[in-house]
Amino acid sequence: MWEVSSRAGASETVCHERHMKTNGFMRLGRAEATSDDGEIPMYSIDCEMCETAEGMELTRLSVVNESLDCIYDTLVKPTNPITDYKTQFSGITEKSLENVTKTLGSVQRDLGRLLPAHAILIGHSLENDLFALKFIHDSVIDTSILYSTPASRAKYKPSLRYLSRKHLGLTIQAGSDGHCSIEDAKACMRLVLLKFERGSDFGIPKAADASQSFFSQLATTGNHVTFIDTPGLIQRYCGVGNVHSIPCVNDDEALEKACKVAEKTDLLWVHFHAVEMEMKVQHSVGTSNSAALNEVLQATDSRVKALFASLPSGTACLVIAGSGDLHEVNGFLKAQRVKHRTLADAVKRVRSGSLHIGVKTDDEEED
């Protein structure tokens, strides 16, 4: 966990470590520790946490070996009163911990006996697990780093759910009862073993593709993205991939389908087309009918209110009014493109020409 590159760095690290030990942290072992047979075992760990009066605390720990056997799994009673069980993520309820007596200190002692000092610990966003365990260890593999680059991590870390689906073909963390720490630990171990098998470049995201839509990029983070629109726009902005696309032919159908999936998705995009279609119709016939437009606006307003009513509590709702009538702007842009083409043709003609190269000979001088 600690990286020492200089004497000053070593001194600073030791001080930091001593400070952590006074707050209940323990060290599993040093990186230089070795076994008699030279083997370095790997163990995948995953923790579930709940929120207490003092912050996030450990409520469950699972440990999996390289054979994908769960060698340790226990519920843990937090030291401080629980304020939020985080059941939707942890799967832990008040009943789960009703008769649990095991404490963080006893879990630390169990791990000290179970895991060799030279073992490699594996996990996803492992710093959270180690902090919950109050554990210090030198040799770790974090799958959120293993399957990303510094550039991609500046935007987001890939979720374990996404990596498992993409590279292992496994669906995890899909239920409404929270995560399973054994399942997550096994997924991490599988991802590391697959990386060893396929090589260091396997699973590393390519440089960001400017043509990839916001929705497709967001889906790579493991979020469940639902896009409800016309088939043409779905093909244009989503293509294939992890975005759940639902085609519709009119605004009423879009509203109906959106209300059905509102509670099952992380991001829901719904496109109501009636207003822009009415504006296009009025522009095409060269008239302005404010009464008809107001009627369409009121119908759209009712759809937005109905959709908002179907959203679960705590949902952020963003209503985008659109860009208005673009016909005049498009006309200017078209004229501008014609001018650019004319200019480009003129430049091409100017640049065209010929070059003649000759070498004067002695015979020519005599003439």
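Which residue just after α7 takes a positive phi of about 70 degrees? Gly169 does. Helix α7 covers residues 160–168, and its buried residues are Leu160, Tyr162, Leu163, Ser164 and His167. Buried means under 20% relative accessible area, exposed means over 50%, and partly exposed is in between, with a 1.4 Å probe and protein chains only.

This is a predicted model, in which local features need pLDDT of at least 70 and side-chain atom pairs count only at pLDDT 80 or more, while totals for chains, interfaces and linings use all residues. Residues are numbered from 1 along each chain as its sequence is written, and side-chain values use heavy atoms, with hydrogens and water left out. The predictor's confidence in each residue, pLDDT, runs from 0 to 100. Its mean over the protein is 80, and 76% of the residues reach 70 or more. Confidence is lowest in helix α1 (residues 7–21), with a mean of 44, and highest in strand β4 (residues 70–75), with 97. Over residues 1–15 pLDDT stays under 50, and the model has 18 contacts beyond four places in sequence for them. Contact means heavy atoms within 4.5 Å.

The protein has 15 helices and eleven strands. Helices (H or I, at least four residues) and strands (E, at least two) are DSSP runs, numbered from the N terminus. Of the 367 residues, 35% are buried. Among contacts with a separation of 6 or more, 60% join residues 24 or more positions apart.

The largest nonpolar core holds 21 residues, of which Leu61 and Leu133 touch the most other members. Such a core is a set of buried Ala, Val, Leu, Ile, Met, Phe, Trp, Tyr and Cys residues joined through side-chain atoms within 4.5 Å. Two or more residues come from each of β2 (42–52), β3 (55–64), α3 and α4 (126–133). Beyond its neighbours within four places in sequence, Leu133 is in contact with residues including Ile45, Leu58, Leu61 and Leu104. Another core, of 16 residues, lies apart from the largest one, and Ile120, Ile122, Leu160 and Phe202 are among its residues.

Strand β3 also holds Thr59, which is buried, with a relative accessible area of 0%. Outside four places in sequence, the contacts of Thr59 include Glu48, Thr74, Leu75 and Ile92. Leu75 is 24 residues from Asn99 in sequence, and their C-alpha atoms are 9.9 Å apart. Asn99 sits in the loop between α2 (87–90) and α3 (104–114), and counts as exposed because its relative accessibility is 69%.

Leu68, in the loop between β3 and β4, has a positive phi of about 70 degrees. Lys86, in the loop between β5 (82–84) and α2, has a positive phi near 50 degrees.

Helix α11 (residues 251–261) has Asp251, Ala254, Leu255, Ala258 and Val261 as its buried residues. Seen down the axis of α11, these fall within an arc of 140 degrees, so they line one face of the helix; the arc is that of the directions from the helix axis to the C-beta atoms. They pack against β9 (225–229), β10 (244–247), β11 (267–270), α12 (274–285) and α13 (290–310). At the start of α11, a side-chain oxygen of Asn250 comes to within 3.2 Å of the backbone nitrogen of Asp252.

Definitions and conventions. A polar contact is a pair of N or O atoms within 3.5 Å; within protein, one must be able to donate a hydrogen and the other to accept it, and residues adjacent in sequence count only if both atoms are side-chain atoms.
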